[in-house]
Amino acid sequence: MNTFAVRSALAAAAALAIFAAPGVAAAAPNLHGDPNTPGTQVQVESEPGDSNSYTCGAVGIAGAGVGSNSSGGAGQVNGAYFGPGPVQGGCVGSDGSVYFPTGNAE
């Protein structure tokens, strides 16, 4: 292998280790709908025991929105959702952590 290939392999392994580290997914926020609330919408919610708040954006075939939650709670991802469907989110935690959760607009 040449030097470029070795460096590329090391960089890819380091990036994988960051995203696949044990325990990282356990504290990730969840994106989900709330069928008890009229209209299609998305909420961001912290895992039990997670004291971080999160600011998230969510994009999907059903629409897009941005929102946040309070520390350890749930919050609305406000936007225009035209019907139920999958969404992909990007969230930044109050501790600087970054997550890319998936969920559903309901």
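Rings of Phe, Tyr and Trp (for Trp, its six-membered ring) are treated as a pair if their centres lie within 6.5 Å, and the planes are classed as stacked when under 30 degrees apart, as edge-to-face when over 60 and as tilted for the rest. By this rule, 1 aromatic pair is counted. The pair is formed by Y54 and Y99 in an edge-to-face arrangement, with 6.0 Å from centre to centre and 70° between the planes. Distant parts of the chain are linked by this pair, since Y54 belongs to strand β3 (residues 54-60) and Y99 to strand β7 (residues 98-99), 45 residues apart; strands (E, at least two residues) and helices (H or I, at least four) are DSSP runs, numbered from the N terminus. Both Y54 and Y99 are buried, where buried denotes under 20% relative accessible area, exposed over 50% and partly exposed the range in between (1.4 Å probe, protein chains only).

The structure is a predicted model, in which local features need pLDDT of at least 70 and side-chain atom pairs count only at pLDDT 80 or more, whereas totals for chains, interfaces and linings use all residues. Residues are numbered from 1 along each chain as its sequence is written, and side-chain values use heavy atoms, with hydrogens and water left out.

The protein chain contains 1 helix and 8 strands, arranged along the sequence in the pattern α-β-β-β-β-β-β-β-β. Of its 106 residues, 33% count as buried.

A search of the whole structure for disulfides, defined as pairs of cysteine sulfur atoms within 2.5 Å, returned 1. This disulfide joins C56 to C91, with an S to S distance of 2.0 Å. Because C56 lies in strand β3 and C91 in strand β6 (residues 85-93), the pair ties together parts that are 35 residues apart in sequence. The torsion about the S-S bond of C56 and C91 is about 115°, so the disulfide is right-handed. Both cysteines, C56 and C91, are buried.

A nonpolar patch on the surface is formed by V92, V98 and F100, which together have about 290 Å² of accessible area. Patches are made of residues with over 30% relative accessible area and no salt bridge, like charges being joined within 9 Å and nonpolar side chains (Val, Leu, Ile, Met, Phe, Trp, Tyr) within 5 Å; a salt bridge is a side-chain nitrogen of Lys or Arg within 4 Å of a carboxyl oxygen of Asp or Glu. V92 is found in strand β6 and is partly exposed, with a relative accessible area of 45%.

Conventions
Accessible areas come from the Shrake-Rupley method with a 1.4 Å probe; for residues, only the protein chains shown count as cover.
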